[in-house]
Amino acid sequence: MTVTKMSWRPTYRSSKFRNVYGKVANRESCFDGVPITKNVHDNHFCAVNSKFVAVVTESAGGGSFIVIPLSQSGRLDSHYPKVCGHQGNVLDIKWNPFFENIVASCSEDASVRVWEIPEGGLRRNMTEAVLELYGHSRRVGLIEWHPTSSGILFSAGYDYKILIWNLEIGEPVKMIDCHTDVILSMSFNTDGSLLATSCKDKKLRVIEPRSGAILQQQGCCKNHRVNRVVFLGNMKRLLTTGVSRWNTRQIALWDQEDLSMPIVEEDIDGLSGLLFPFYDADTHMLYLAGKGDGNIRYFEITTEKPYLQYLMEFRSPAPQKGLGVMPKHGLDVGACEVYRFYKLVTLKGLIEPISMIVPRRSDTYQEDIYPMTAGTEPALSANEWLSGINRDPVLMSLKDGYHRPNQLVFKAPVKEKKSMVVNGIDLLENVPPRTENELLRMFFRQQDELRRLKEELTTKDVRIRQLELELNNLKNVSPNNV
C-alpha cells in the first residue's frame, strides 16, 4: 500500500464546516482560582458532562480532584471541597456516560475508584467511594467507560495489563495481557465491540476486548511512532497522532483491518508537545490540540481522497494543560455549537470553555449539523455485553433540547473482600514493589488495614465484655426469682 503524503496547500471544496470558528466564553462563564495539578503525566486531568466539570488538583498527601457544578462558574473558594480518597496522585478521571453523578478515577496508589457526586455538588470533602477496585499491581494511568454498556469500566495500568471491571458485581472479569510496555491510550469503536490501543512499545493494536485476542497489530513502522489513537466512528478507520522519523509531529490514518501501512500521513509541525486527537462522529470533524500549545487545529475526515481536509485553526496565547469535552446533549444547539472544550490553563488556575460554532443566519434548528446522536440510555447491561452481545448506542435527537426520559439509578454491589482471580491469576496476591514510591504506598495501605483491623478487634472485645456482664447479671437474677 502506498502512503499518501498530505500537503498544507489548501484545496477548496464545499463543506458546511469550513467556516467553523472557536469562541472563548466570557470571564463570568470561566472557572477561576482552580488549583490545577502540576503532574506531568500525559492525560487531560479534566472531565465534563452536562452537570459538572471535574479537574484533578494539586494536593499534599494523596491525590484529589474537585467537582464543580457548571452553574457555579466564577472564582472558586480556596477551601472548596474535594474528592480526596486516593493515597497517590490521581492520574485520570472519567464521567459515566449514562449516570451523570457517577465519576471514576484512577491513581498512583494502584486503585480505581467510583464516586457518586450528590446533586448540586459537594458540600464537604468526600473520602468514601461507592466502589474501590483493586486489581493492578502498579499505578493505574488510564480508565475508559464502555460506550454502550451501563456497568463496564476498562482500566490500564503500568503493569502492562488492561482490566475489565463489571461494576454490577464490583470485580474484574477479564484481563487483556498482550502489551509489552505501558499502554498510552485506549479507544472504542461505536458499539464497543473493538478496542484500539497505542503502547510505548511503538505498536498499534486492534483488540477484541472480551477474548483479549489481537485482531490487527501494526508492524515496525519507522516513519510514524504512534502516541495516541482514536476510532473514527463507523468509518472502519483509525487515526493516530505521533512523531515522524525526523521528530516532527504527525497524524496518520489507518484501515482498522490492515495496519501494515497508514492510508495517509500528514506532518503537522516541529513542536515537541503531545498531540491529543478528538473526533466528532456526528460532523466527521477531527480536532488536534497539543499539550502546551495555545491552538486547536480542526479537519474534516472523508472516506474518499484527500481523506483529511484541513479547515481552520483556533488560536490562543495561553498554553493548555489538558482539555475536557462536553457530551453532545450538553451543547447549545440554539447557538449552532457543535463541540465544546474546557481548557485547563495551569498558570492562571483557569478553566476556560471554548465553543466551536458553525455560523448560520437562521435562528431555527439546524438539522443538517445535528444528526441523531448517542444518548444517555445504555443499550446493554454488563452481563449482556460480557455474554457476547453487541448493540449500537441508543440515539437521541437534540431538537427539543436535552430531556432525559427516565431516571436510572446506579446501585453499587455489596460484597465481601476476597481474592480476585482472572485467567487463573490472583490479582491481589503480594506483588513485589518495583520502586521506593510503590513500597511506601504499599506500606501505608497495609498500615491503614492494620489500623482498621485493630479498631474492629477493640470494638469486638468491648462487645464481648458487655455480653459477659449481661450473662453474669442473668445468672445472678435467676436464683432469686426461683
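Colleague: Which residues does Ala104 touch, not counting those up to four places away in sequence?

Modeller: Ala104 touches Asp92, Ile93, Lys94, Arg113, Val114, Ile143, Trp145 and Leu153, where contact means heavy atoms within 4.5 Å. Ala104 is found in strand 10 (residues 102-107); helices (H or I, at least four residues) and strands (E, at least two) are DSSP runs, numbered from the N terminus. This is a predicted model, in which local features need pLDDT of at least 70 and side-chain atom pairs count only at pLDDT 80 or more, while totals for chains, interfaces and linings use all residues. Residues are numbered from 1 along each chain as its sequence is written, and side-chain values use heavy atoms, with hydrogens and water left out.

Colleague: Why is Ala104 called buried?

Modeller: The relative accessible area of Ala104 is 0%. Buried means under 20% relative accessible area, exposed over 50%, and partly exposed in between (1.4 Å probe, protein chains only). Ala104 falls under the 20% limit and is therefore buried. Its C-alpha atom is separated by 9.2 Å from that of Leu131, 27 residues apart along the chain.

Colleague: What makes the largest nonpolar core a core, and which residues have the most contacts inside it?

Modeller: A nonpolar core is a set of buried Ala, Val, Leu, Ile, Met, Phe, Trp, Tyr and Cys residues joined through side-chain atoms within 4.5 Å. The largest such set has 34 residues, and Val34, Val53, Val55, Phe65, Ile68, Ile117 and Ile351 have the most contacts inside it. Two or more residues come from each of strand 4 (46-48), strand 5 (52-57), strand 6 (63-69), strand 9 (90-95) and strand 30 (337-345). Strand 5 gives the most, with 5 residues. Another core, of 26 residues, lies apart from this one and includes Val20, Met285, Val338 and Tyr339.

Colleague: With which residues is Phe65 in contact, leaving aside its neighbours within four places in sequence?

Modeller: The contacts of Phe65 include Val55, Val56, Val83, Val90, Ile93, Val103 and Trp115.

Colleague: What makes strand 25 (275-280) and strand 28 the edges of their sheet?

Modeller: The sheet is open and has 4 strands in the order 25-26-27-28, with antiparallel pairing. Strand 25 and strand 28 each have a single partner strand, so one side of each is left without a neighbour in the sheet. From one strand to the next, the twist averages 25°, taken between axes that are lines fitted to C-alpha atoms, for helices over the stretch in contact, with angles running from 0 to 180 degrees between N-to-C directions.

Colleague: How many bridges join strand 27 (residues 296-301) to strand 28 (residues 308-314)?

Modeller: There are 6 bridges between these antiparallel strands. Two strands pair if DSSP finds at least two bridges between them, so strand 27 and strand 28 count as paired. Phe299 stands opposite Tyr310 in strand 28. The two strands form a hairpin with 6 residues between them, and Tyr307 in the turn has a positive phi of about 70°. Pro306 lies in the loop between these strands, and the peptide bond from Lys305 to Pro306 is cis, with omega near 10°.

Colleague: Are Phe45 and His284 buried or partly exposed?

Modeller: Phe45 has 1% relative accessibility, and therefore counts as buried. His284 has 33%, and so counts as partly exposed.

Colleague: How many helices and strands does the chain have?

Modeller: The chain has 2 helices and 35 strands. Of its 482 residues, 53% count as buried.
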